[in-house]
Amino acid sequence: MADLSPPKPIAAGPPAGASSAVPRIPPSIAGGEMEVAFDIAGFSLWYGANQALFDVDIRIPTRAVTAIIGPSGCGKSTFLRALNRMHELTPGTRIAGRLRLFGEDLYAAAIDPVVVRRRVGMVFQKSNPFPTMSIADNVLVGLRLNGVSDRAFLRDRLEASLRMAALWDEVKDHLSRPGISLSGGQQQRLCIARALAVQPEVLLMDEPCSALDPIATAKIEELINELRASFTVIIVTHNMQQAARVSNRTAFFYLGKLVEYDQTRTIFMNPSNSQTEAYVAGRFG
Amino acid sequence: MTTPNQFQPSARQHAWRKFVSGAMAGLMLVCAAVVMAPIFLVLYFLIREGATSLDWAFFTQLPKPSGELGGGMANAIVGTFVLLTMAASIGVPVGVMGGIYLAEYGSERANSWIRFMADVLNGVPSIVWGMVVWALLVVPFKTFSAYAGGVALGLMMIPLVMRTTEEVLILVPQGYREAGLALGIARWKIITVIVVKTALKGIITGILIATARVAGETAPLLFTALGNNFWSHRLSEPISALPLLIYSYAVSPYDDWHRQAWAGALVLMAFILSLNILVRLLSRDRKFT
Ligand SMILES: Nc1ncnc2c1ncn2[C@@H]1O[C@H](COP(=O)(O)OP(=O)(O)OP(=O)(O)O)[C@@H](O)[C@H]1O
Ligand SMILES: [Mg+2]
């Protein structure tokens, strides 16, 4: 049933014929040779009558880490949740615009949101291992409930996912203990392992370290660094240093608009917008 | 104390306040004792009047014809369990699934109507359930039956189970549902495998409470199960139940039957009490985070 094979790489750049419809791309990206994961244009989102995202144009590269920054309430989480159609859980939301992943329109009528979320995994601010499940069951639940029952395959995925989440060495001897018996930082890495186990193409992280101490945070940042090699990672963070440390590109949102999007170095050292400059310098937000 | 402080009570005021506070606490203790008293009163009378008639025969023998001493309530004890099993097989699936619908699906508007109706149903007098099921199942089939009794109790269980199921499901943090969805798991699987499982203890607690609630019901059985002085061999025959037999023995003119009625009430009470203790044990550590 579920297609859980590794993502097939799709040709880089905008789909043929669409290039003229992508006007507002900053020059530093338009000229780049990056492989695009998300190709988003004119994207708006409303909660009922309240517009939370305004006409967002952004192309997010694959095999790179993109940070989303901006003051509280500017629409970071909303944007992230739109990327795997999670916002549809909130009744009364509505979107407009284009949102493509590797050339495929994620909002096309024929696309099942369940399939979108299998391709675009998510890690939440508050770690949330399933309380009735062991460490191993937590990691494997996504595969099992999608019909995978091959024991050798599951065992491989369990180890591989926990290794990728840098948790294997700490838990390999008590995989049958409850997931919630772990420490906060370990629980968050367990949630990352759980998300990686279904082999998504993209991993979304909404302030994954905001409830963690500096040591646990460092572990997760290190792990994000390693994920960069094979995934598309998009991370929302309030921590400027974190954005600077882990990301290749940074997008600055303000009041629901994408204000500036560029190489992380450029955003932090030499932003072209004065609001961006004020925000990264800590003068507001 | 150098600066006068109007909020600082004088020694006399202070003593008066302490007195009032103590008196109120004492009064409330008395009220609490008044709440507790009936339960001890019930247990005291049941044990005093009923314990002497509790012998092996009580649990193994059929009722003796009037006038003869001895005999037991074996058929009524079994009958109560048969009726409760039938009631649960109606009330649990319908109630649990209804509760899942309320908590996980359904629009706010429809749900508030369903909730309202469930609450009205919870308030329907039990004798009314008996009459309705009598009209639905006894009259058309021209016989009182275990089926009719089971249905009457089952219908009573549905709204009870439904509301408690809904309440415990709502307590399961939204984060678990979102985490499941983010793994690309279908919604119904998340609900059955993750959400319901997380709330399972609470759901079982609700089922036990509903079972205890209907276990002692007499009125809905009067017109449905009717009662039976012998073993019932088919569910389409009238069947005995503890509350029914207690009732008919209690209103009889025989001393021996009165004692047996007390004993029957003691057994019923012990059963309901043990269900409640089970509920306490189950709900002792109900937390999800
Ligand atoms: N479920 C909702 N219903 C209605 N409005 C919402 C909802 N969620 C968010 N909003 C609104 O959308 C806007 C963006 O919210 P969002 O949660 O995306 O901000 P954020 O950038 O993630 O903030 P924070 O940094 O505090 O997490 C806010 O104005 C918020 O009030
Ligand atoms: Mg947020």
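An oxygen atom of ligand 1 lies 3.2 Å from a polar backbone atom of Cys74(A), a polar contact being a pair of N or O atoms within 3.5 Å. The model is predicted, with local features requiring pLDDT of at least 70 and side-chain atom pairs pLDDT 80 or more, while totals for chains, interfaces and linings use all residues. Residues are numbered from 1 along each chain as written, chains are lettered from A and ligands numbered from 1 in the order written, and side-chain values use heavy atoms, without hydrogens and water.

An N or O atom in the side chain of Lys76(A) is 2.7 Å from an oxygen atom of ligand 1, and one in the side chain of Tyr47(A) is 3.5 Å from a nitrogen atom of the ligand. The protein buries 59% of the 630 Å² that ligand 1 exposes when taken alone (Shrake-Rupley method, 1.4 Å probe). Residues with a heavy atom within 4 Å of the ligand include Ser72(A), Thr90(A), Glu207(A) and His238(A). Helix 2 of chain A supplies the largest share of this shell, three residues.

Helix 2 (residues 76-83) of chain A lies across strand 1, strand 2 and strand 4 (93-101) of chain A. Helices here are DSSP runs of H or I with at least four residues, and strands are runs of E with at least two, numbered from the N terminus.

In chain A, four strands form an open antiparallel sheet in the order 2-1-4-5, where pairing requires at least two DSSP bridges. Strand 2 (50-61) and strand 5 (104-105) of chain A each have a single partner strand, so one side of each lacks a neighbour in the sheet. Eight bridges join strand 1 (residues 36-47) of chain A to strand 2 of chain A.

How values were computed. Contact means heavy atoms within 4.5 Å. Axes are lines fitted to C-alpha atoms, for helices over the stretch in contact, and angles run from 0 to 180 degrees between N-to-C directions. A polar contact is a pair of N or O atoms within 3.5 Å; within protein, one must be able to donate a hydrogen and the other to accept it, and residues adjacent in sequence count only if both atoms are side-chain atoms.
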